[in-house]
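Take a look at the fold below. We will walk through its charged pairs, then through its nonpolar cores.

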Amino acid sequence: MIVDEQPVEIPPKDEEELELERLVFGDLEGFEKGLRDVDFFGRDETEADSGNEPEGDDVSEDDDFGKLEDDQLFFVDESKGDVGVDYHGESGSEDNTDYSEEESDKWEDSDDQNLRISVVKDGKLKKLRKRENESVLSGKSYIFRLKSQFEKIHPRPDWADESDSEDSDGTASQEENELVKSNMLLDILSKQYQVASKTTKLLPPTNIDIDRLRDANAQRVAHSSIKTIAFHPTHPLLATGGMDRTIRIFQLDGKVNNFITSIHLKQSSILSLEFQDDKLFAGGSRPYMYKWNLQNERVEKINKLYGNEKTQKSFGHFKLSCDGKYIGLAGNSGWVNVLSTTNGLWLRGFKIEDEVVDIDFMKQSDDNILIAVNSAGEVWEWNVDTGKFLNKWSDDSGTGITQIKACDRWLAVGNNVGIVNIYDRRKLTNSTTRPKPIGTVENLVTAITALDFTPDGQVLCVTSNAVSDGLRLVHLPSCTVFRNWPTRTTPLGTVTTVKFSPRGETLCVGNTAGKVRMWRLNHY
């Protein structure tokens, strides 16, 4: 069925609909009133509400704002200080000399001066008075006296005064910053620090007295995992390095641990660091290493192998001899190369069977002894001074060796299943081929990645980076693990490297988070 279309009649709008339309869309009357409000902007409300717009003939020349530019419609009040006007009609009892233009803030609220604060109602505010009869302060004086009171309790720090001496842009030039860092480092190196003799106090074999200190690199955390750390032999300096290719040096005091300086190596990560007096040696995955002289800030590249380059593809795994004369490099194809720390020249090389896993130096009488181990647990010993081969012996575990570490009396060998064998060096003679360890540590079940002794040989630190919190402290000569530390709440993380300080009183632990945790051994 088809229905013819018929026009629909729209009823007229009632008053309610018209009012709603006016409120939503506006009308001509409201538009004109808005224009008048713009024209009378800035005039008195009584004049604007009257609706009597003055004609042009009656407007004086001074009130003809339409002929003025925008920047002429206002002016900037450049009057100095408080002119003593009492905005509330009260007699100002406050001292208006509390503040000056030089001490004013960068941004000020003009309404602060209009405030009146009573300093007698609240007992805490009475200390802000300068006279007994003072009862009310203006907002500006109140702010200034609060600042003064705060600075009395918390004195202005030295770094704030240093920032005042910077250039007009508010930032010191890079050359000035480098000069300050250089002066700080030279000042530390010029001081004489007392190095205590080795302790004769015997440690208990069960518990160790240890306290956590502020992180060594808290002021400059690394951007990647820490791969190596090194202590200066005579000064409280610690160097850190890792995959972010930056060496950072800190002054250790256990409380602040000031960041001193840093150097960025663009083309090499940092896998090993060693101090030799005031020189710092750094090596990475490249076929060269660096020697950084801290006194004159010269950096030298060492790569002079003179025909032995094929035996040394990387300088990332090296050790310094005990007297600082030699650099031992773990090379490839079973080679160990020895360089001079003085000029970086190649001196001699030693060859073992299979690949070199780890090397270390130890002192025997006045001779420098170099030891190297392969993954099968075979250990070679040479006299570096004469180049003479001394002995070859095998570790008791015999397979999967990952680490070797020696001190004056002990020698530790770790493998890939968490076992660490500890040997007494006094029982290792040139005729010994398979010595028996005095003890075995089996508290970790993953590959051993770092070992370190305290200088007196009473504590051995054993770590593994395959698990979180993989660290144990071993008492010597009992070869027992201290049972009171670390605990479940000890913030070790995934440990990548460990190092005892030259006196043995400090233990630093680097982890994959780029932090160097620090503890103090209170027995030392």
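Is Arg517 buried or exposed? At 13% relative accessibility, Arg517 counts as buried. Here buried means under 20% relative accessible area, exposed means over 50%, and partly exposed lies in between (1.4 Å probe, protein chains only).

A word on the source. This is a predicted model, where local features need pLDDT of at least 70, side-chain atom pairs count only at pLDDT 80 or more, and totals for chains, interfaces and linings use all residues. Residues are numbered from 1 along each chain as its sequence is written, and side-chain values use heavy atoms, with hydrogens and water left out.

Arg517 has a charged partner. It forms a salt bridge with Asp215, with the closest N and O atoms 2.7 Å apart. A salt bridge is a side-chain nitrogen of Lys or Arg within 4 Å of a carboxyl oxygen of Asp or Glu. Arg517 lies in strand E30 (residues 516–521), while Asp215 sits in the loop between strand E3 (210–213) and strand E4 (226–231), so the pair ties together parts that are 302 residues apart in sequence. Helices (H or I, at least four residues) and strands (E, at least two) are DSSP runs, numbered from the N terminus. Asp215 is buried too, at 10% relative accessible area.

The structure holds 18 salt bridges. Another one joins Arg22 and Glu19, at 2.7 Å from N to O. Both lie in helix H1 (residues 15–25), three residues apart, about one turn of the helix. Arg22 is partly exposed at 36%, and Glu19 is partly exposed at 37%.

Next come Glu134 and Arg131. Their side chains meet in a salt bridge of 3.9 Å, N to O. Glu134 is buried, at 1%, whereas Arg131 is partly exposed, at 37%. Arg145 joins these two in a network of salt bridges.

Now turn to the nonpolar residues. A nonpolar core is a set of buried Ala, Val, Leu, Ile, Met, Phe, Trp, Tyr and Cys residues joined through side-chain atoms within 4.5 Å. The largest one has 20 residues, and Leu273 and Trp292 are among those with the most contacts inside it. Helix H6 (174–190) and strand E5 (237–242) are among the elements that each supply at least two residues of this core. The largest share, three residues, comes from H6. Apart from this core lies another, of 19 residues, including Leu471 and Tyr524.
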